[in-house]
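This briefing covers one chain of the model shown below and its contacts with a partner chain. The lead sentences come first, followed by points grouped by topic.

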Amino acid sequence: MAVKKMGLKQKYAHLTRGLDWETSYQKMDDVFPYDQFEGIKITDWSKWEDPFRLTMDSYWKFQAEKERKLYAVIDAFAQNNGQLNVSDARYINVLKLFLTGVSPLEYQAHRGFAFTGRHMRGVGPRIAAQMQSLDELRHFQTQAHTISHYNKFFDGIAEFQHMHDRVWYLSVPKSFFDDARASGPFEFMIAIGFAFEYVLTNLLFVPFMSGAAYNGDMSTVTFGFSAQSDESRHMTLGIEVIKFLLEQHPDNLPIVQKWVDKWFWRGFKVLGLVAMMMDYMLPKKVMSWKEAWEIYFTEAGGSLFTDLERYGLKVPKYADVATEMAEHISHQNWAVFYQYTHAAAFHTWTPDKEHLDWLSEKYPNTFDKYYRPRWEMWAKMDEEGKRFYNMALPQLCQTCQIPMAYTEPGDPTQISFRCTEWNGEMYHFCSDGCKDIFDDEPEKYAQSWLPVHQIFQGNCGGPTVPDVLNWYRLNAGADNMDYVGSPDEQIWNSWKGKAPAEAAE
Amino acid sequence: MAQIASITLYQNDEARPVMEAILQDNPTARVLNMPGAVKIDVDDELIINRATVEEKLGSEWDCQQIHMVLISMAGNLDEDDDRITLSWKH
């Protein structure tokens with residue numbers, strides 16, 4: 001008689017059976033030393049099951065198929081000189097920011113989930129964390145492979161990993177992940193699994209990849225959506241972890257709430273880079289940051305937090321502030337990079353008239369009032385040969401490490417400053433959210449590696465801008481400054497048979 | 001206000017039968033087309049039936065093949081051999 005094919009539930013039960021055995025040579029607490037100090041109480045690990053019930057054989061089969069498809073596209077893209085078909089060479093700066101700022105986080109996530117999977121006693125989270133760890137390594141590799149094609153033609157790409165560890169604005173995403181990986185395993189899962197993957201990842205990947213699709217970048221769309229197809233599993237792990245922790249013990253609620261508040265705020269600040277990319281850097285625009293925020297935070301987050309109310313979990317603290325900031329954050333961030341273009345590893349530009357009109361239409365409450373006049377003034381100064389550069393090193397927020405350029409809730413004409421005195425030193429913050437995070441764990445954040453402080457302390461190659469750029473391995477005159485007049489512009493115009501723009505002469 | 005159960009799929013031939021099956025089995029479904037991706041929202045609960053996808057596709061389909069076309073989703077997931085459910089109902 002033929003053996004009946006096993007169903008999904010049965011297959012998953014066979015995969016996981018006995019993997020959570022009680023150790024006898026060593027004490028369980030010695031084998032799993034990190035899962036108690038955070039104060040999380042677990043009574044029954046078996047209650048955590050992966051609802052996808054993905055088994056290893058299926059995992060390898062699907063991942064192999066995804067890889068085959070992706071590399072076929074990458075090959076075709078290279079053979080057909082796909083770089084010629086992007087909407088405009090300004091678009092490449094999106095990839096530079098992504099590769100230097102985000103891809104190294106994929107590698108951090110790979111290591112973080114490998115560690116976390118090892119240190120959880122339950123079978124469900126261990127298998128899911130192992131798969132996620134492998135996924136993240138795949139994402140890092142495929143992103144580096146895909147974007148390497150652009151490295152043959154454009155500047156600012158070759159030293160991405162070195163830059164990630166050193167360049168001032170890249171300390172924002174880097175410190176975000178360092179913070180998560182320096183936390184206990186449960187906080188890591190809430191930080192990355194729940195807050196980042198479930199609540200915020202759609203804001204990073206969906207508009208970014210849709211932007212790539214709309215701007216003719218076939219290779220990036222393909223790696224992006226290939227990575228994103230793993231992301232649904234990661235989101236599932238994220239939502240399972242939060243439900244599991246809240247169901248296991250009522251004492252877990254205040255701890256989890258504090259982490260949700262913290263990591264929502266940390267993630268929101270990091271995603272400001274994506275906001276700027278969507279509103280300013282994509283030559284052909286998919287949707288505004290504000291629209292993406294409405295779909296993926298207000299609407300999707302609303303449904304999620306309504307669901308989690310039954311456990312007593314509340315919408316993250318300062319979500320209202322973040323929603324108000326959605327009207328401002330992209331404009332304020334791009335203004336920072338415009339002023340510091342000499343120290344950025346990608347090109348900047350002032351928006352042209354058509355682009356300004358689009359921003360006016362998408363931001364009727366704020367753009368014409370606060371931001372359009374500034375762009376018009378800077379464009380005029382540039383025309384007159386007085387292009388504005390800010391040569392002072394900015395003060396940084398001790399928590400998010402972003403220059404203190406954000407404005408007060410309710411008053412976009414006033415820069416927001418907060419401070420805390422701790423252990424005889426004064427620490428500065430851009431917001432109440434960042435100050436709260438420091439105040440809760442000052443011992444941790446007092447140690448932050450703040451790029452501006454490090455430059456002043458003489459740890460970044462020397463005292464002058466060229467010394468520091470050299471230490472960044474930033475090729476001054478090619479990697480940095482405005483797009484107009486750059487070697488990127490020159491090669492693009494030569495492909496397209498266009499005369500160089502006047503400013504390039 | 002209804003909670004929104006949602007799925008985002010590739011905008012390609014492999015995902016199309018899945019999208020058609022969702023639209024048939026979830027009469028209140030709303031579609032948002034984006035470059036390269038399609039987002040489908042349903043109030044409270046979104047269901048994908050294997051049988052409907054197979055009918056659209058004209059051949060066998062395993063629920064786990066969803067992983068090949070999936071970009072994102074919202075709602076509590078449950079998957080077995082015959083259906084995938086994303087739901088906010090309890």
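Of the 90 residues in chain B, 43% are buried (20 or more other C-beta atoms within 10 Å of the residue's own, with C-beta atoms placed from the backbone; 12 or fewer counts as exposed, and in between as partly exposed). The model is predicted: local features need pLDDT of at least 70 and side-chain atom pairs count only at pLDDT 80 or more, while totals for chains, interfaces and linings use all residues. Residues are numbered from 1 along each chain as its sequence is written, and chains are lettered from A and ligands numbered from 1 in the order in which they are written.

**Overall build of chain B**

- Chain B contains two helices and seven strands, taken as DSSP runs numbered from the N terminus (helices H or I, at least four residues; strands E, at least two).
- From the N terminus on, the order of elements is β-α-β-β-β-α-β-β-β.
- The radius of gyration of chain B is 12 Å, close to the 12 Å from the globule rule for 90 residues, so chain B is as compact as a globular protein of that length; the radius is taken over C-alpha atoms, and the rule is 2.2 Å times the number of residues to the power 0.38.
- Along the principal axes, the C-alpha atoms of chain B fill a box of roughly 40 × 30 × 20 Å.

**The sheet**

- Four strands of chain B form an open, antiparallel sheet in the order S2-S3-S1-S5, where pairing requires at least two DSSP bridges between two strands.
- S2 (30–34) and S5 of chain B are the edge strands, each with a single partner, so one side of each has no neighbour in the sheet.
- S1(B) and S5(B) pair in the antiparallel sense over four bridges, and B:Leu9 has B:Leu70 in S5(B) as its bridge partner.

**Contact with chain A**

- Helix H9 (residues 185–214) of chain A packs on the sheet and touches S1, S2, S3 (37–43) and S5 of chain B, its direction making about 140° with that of S5(B); axes are lines fitted to C-alpha atoms, for helices over the stretch in contact, and angles run from 0 to 180 degrees between N-to-C directions.
- Helix H10 (residues 218–248) of chain A lies across S1 and S5 of chain B, at about 30° to S5(B).
- In total, 24 residues of chain B are in contact with 32 residues of chain A (C-beta atoms, placed from the backbone, within 7 Å).
- S5(B) gives the most to the side of chain B that touches chain A, with five residues.

Notes
Contact = placed C-beta atoms within 7 Å.
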